[in-house]
Amino acid sequence: MVHTVVDGTYRQTNLTNESSEYLASREDLRLAEIELMRQRERVAELRRNLPEGAPIQDYQFEEGPRDLNADDGPAQTVRLSDLFTGPNRSLVIYHFMFGKKQTKPCPMCTAWLDGANGIAHHLAQNLDFVVVAAADLPALCAHARERGWDKLRLPERRQQHV
């Protein structure tokens, strides 16, 4: 890759047949990408500087044992606030479409969570990741066992809140 300026245009490639029209368009694109990057950084800064928002209701979940090979019970009640493992940690909650009218696990969610299980230890370095579903706990645990999801936290979503 060449990094030179030709006729006032930053040239990133070194193809002999590049037209001046192509080079000019390529330069417009490069400048637009720089502008977009700066705008993204500005939006991220605004997001980081948001004042504290409204308090969120402390929903409750039912969670079985972390060991999928153990019995599915006893379930313990876990609050939303308990899903954060430390102060200033981000929490990502993935809603697994399974339960209630969704009587079979969503195949796309399942595929996505297969991958998330594989990288869960990387995610845990920077954030807390939880998968919630409306399915009853034994059905959720059975599907997780079948898929080998041994690194995902899987509380059952409950409608109640405190």
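**Chat about a predicted model**

Reply: Let's start with the strands: strand 5 (residues 90-95) and strand 6 run parallel and pair over six bridges; pairing here takes at least two DSSP bridges between two strands. Helices (H or I, at least four residues) and strands (E, at least two) are DSSP runs, numbered from the N terminus. This is a predicted model, where local features need pLDDT of at least 70, side-chain atom pairs count only at pLDDT 80 or more, and totals for chains, interfaces and linings use all residues. Residues are numbered from 1 along each chain as its sequence is written, and side-chain values use heavy atoms, leaving out hydrogens and water.

Me: Nice. Which residue is the bridge partner of V92 in strand 6?

Reply: That's F129.

Me: And how many residues of strand 6 are buried?

Reply: Five of the six in strand 6 (residues 127-132). Buried means under 20% relative accessible area, exposed over 50%, partly exposed in between, with a 1.4 Å probe and protein chains only.

Me: Switching to helices: where does H143 lie, and what does it touch?

Reply: H143 sits in helix 3 (residues 137-147). Leaving aside residues up to four places away in sequence, H143 touches F96, F98, P105, T110 and W149, contact being heavy atoms within 4.5 Å.

Me: Is H143 buried or exposed?

Reply: Buried, with a relative accessible area of 10%.

Me: Last one: which elements have the lowest and highest mean pLDDT?

Reply: Strand 7 (residues 156-161) is lowest at 56, and helix 2 is highest at 97. pLDDT is the predictor's confidence in each residue, from 0 to 100. For the protein chain the mean is 87, with 86% of residues at 70 or more.
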